[in-house]
Each structure stands twice: as structure tokens, then as C-alpha cells.
Amino acid sequence: MRSRLRTVLVSTVVVVITLTVVAFGGFELMNSRTVQLFGTLVNRVDTDEKVVALTLDDGPSTTTGEVLRTLDEAGVPATFYVTGDEMAEHPDLGRAIVDAGHELGNHTASHRRMVFVGPGTVADEIERTDAEIRAAGYDGEITFRPPYGKKLITLPRYLDQHDRTTVTWDVEPDSVSADTDVDTIVRTAVEQTRPGSIILLHVMYPSRAASLAAIPGIVAALRADGYRFVTVSEMLAN
């Protein structure tokens, strides 16, 4: 009897440990900026050349005009990871981004977390956004960025099957806190950037005014250090 109870107890402990390890592994994989189960994921490019890609998430929104003016004054190209729903709501702003010579990437239609969803949901979220991006006049490669950087199985599998590149980031200077000040954002970006880095900033909403205001400082400091700004597609072509 004791032997049987001991066996049951050991088996239960093994199952609990195994499930814990699997759950922890799944959580780490879901949030990883450098690894996914299928296809190609890029969070930076391995290069000795001092190139850096500036990427801007979400939108387009009512602040797009100000964002475009800031980029124009700084003389830098950017890659905008836009949502399909906001592109449909503001088609003129999507076209303005393209007309200004910037790149558009797919950030899903609704910006929902793309984990524990079915293949139909993944396809709908991505294809609707692709359609809005093409309607804006963008004809280049459309890379994909998962909302919140989260992915697990279904999303990477779809991307792999459709030969799509997942682009995350290795520099995220404004995500420590929504109220991070301009100087901290600039300093963090400059300290963390290295050749081939992909910088993520959230600039599309009034609550992110500090992130937008940090762009000139980031650009000036990195240029002074010899960096050249390129789009994500140009970075991937290196």
C-alpha cells in the first residue's frame, strides 16, 4: 500500500513539474524577442556597418502629421507598423506616410494579442491589414510585427507558410514607463543601439508625446556617432 502511494505521489510530482516547465517554456517563447517556433524572426541584423532602423508602432492616428513633420525635419526614413482598423479609419494618413517615402509594416488589424487564436483569426487579422496597406499605395515588402511582441504557434506557422518575416526589436527606450521623459528615452536609445539595431518607439498617440519629442535627439546623437538610418527592408537587404 505504501509503495503504491509512494508511486502515485512520485508520478504526481513528475506531472506537476513537467507541466510547470512546459508552461514556463511557453511563456518565455511567447514573449521572446529573438525566437519563434516557425519561420524567420529578426530583432536586429548582424552587421559591422553602423546602420539602424527606426520603427514606429500603431496608428495611423491624428498625430501622424506631426510625426511626419518630425521625421522630415530630421531627414530620416522610418518603418511604420500600422493596424488595419486604423488604416481603414484614416486612409488619407496611410497614404501620407507612403507619399512621404516611409515604409509600412503589418501590425494586425485590431492589435489584439495573437496567442491562443485560430488560423482563421490570424489570416483575417493579417490579410485585412495587408489590403489596407496596399490600398494606401505601398508596394514594397510587408514585414510583420506581432502586437506586444507576443506569438506562440499559430501565428508563426501562418507567417512561415506565407514566407513572411517577423520583425521585433532590440532597443525599446520608451517602454519602461508610459511617462518616461524625453532625456531618458534619448539616453536609453543611444546607449543600447549597436550596428544593425532596430529601435521601437510608440509615437502615434498624444500620451506618447515624449517619444515623439525624443526623435530629433536620438537621430542627432546617433548620426554624430556615425550611424545611418534605413528602413527595415533596407536593413534586411544588408
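Helices (H or I, at least four residues) and strands (E, at least two) are DSSP runs, numbered from the N terminus. This is a predicted model, where local features need pLDDT of at least 70 and side-chain atom pairs count only at pLDDT 80 or more, while totals for chains, interfaces and linings use all residues. Residues are numbered from 1 along each chain as its sequence is written, and side-chain values use heavy atoms, with hydrogens and water left out.

**Exercise 1.** Find where threonine 108 sits, and say whether it is buried or exposed.

*Solution.* Start with the backbone: threonine 108 isn't a glycine, yet its phi is positive, about 70°. Last, check accessibility: with a relative accessible area of 0%, threonine 108 is buried (buried means under 20%, exposed over 50%, partly exposed in between, using a 1.4 Å probe and protein chains only).

**Exercise 2.** Work out what lies over the ring of tyrosine 148.

*Solution.* Tyrosine 148 counts as partly exposed because its relative accessibility is 38%. Now look over the face: arginine 113 is there, 4.0 Å from the ring centre. For a charge to sit over a ring, NZ of Lys or CZ of Arg must be within 6 Å of the ring centre and within 35 degrees of the ring normal.

**Exercise 3.** Describe how helix 5 and helix 6 pack.

*Solution.* Two packed helices are described by the angle between their axes and the distance between the axes. Here the angle is about 60° and the axes are 9 Å apart. (Axes are lines fitted to C-alpha atoms, for helices over the stretch in contact, and angles run from 0 to 180 degrees between N-to-C directions.) So helix 5 and helix 6 are oblique to each other; under 35 degrees would be roughly parallel, over 145 roughly antiparallel, 65 to 115 roughly perpendicular, and the rest is oblique. Then go to the residues: among those in helix 5 that meet helix 6 are Val122 and Ile126, and the helix 6 side includes Leu155 and Tyr158.

**Exercise 4.** Find which residues valine 45 touches beyond its sequence neighbours.

*Solution.* Valine 45 is in the loop between strand 1 (40-42) and strand 2. Skip neighbours within four places in sequence, and valine 45 is in contact (heavy atoms within 4.5 Å) with Pro195, Gly196, Met235 and Leu236. Valine 45 and leucine 236 are 191 residues apart in sequence, but 6.9 Å apart C-alpha to C-alpha.
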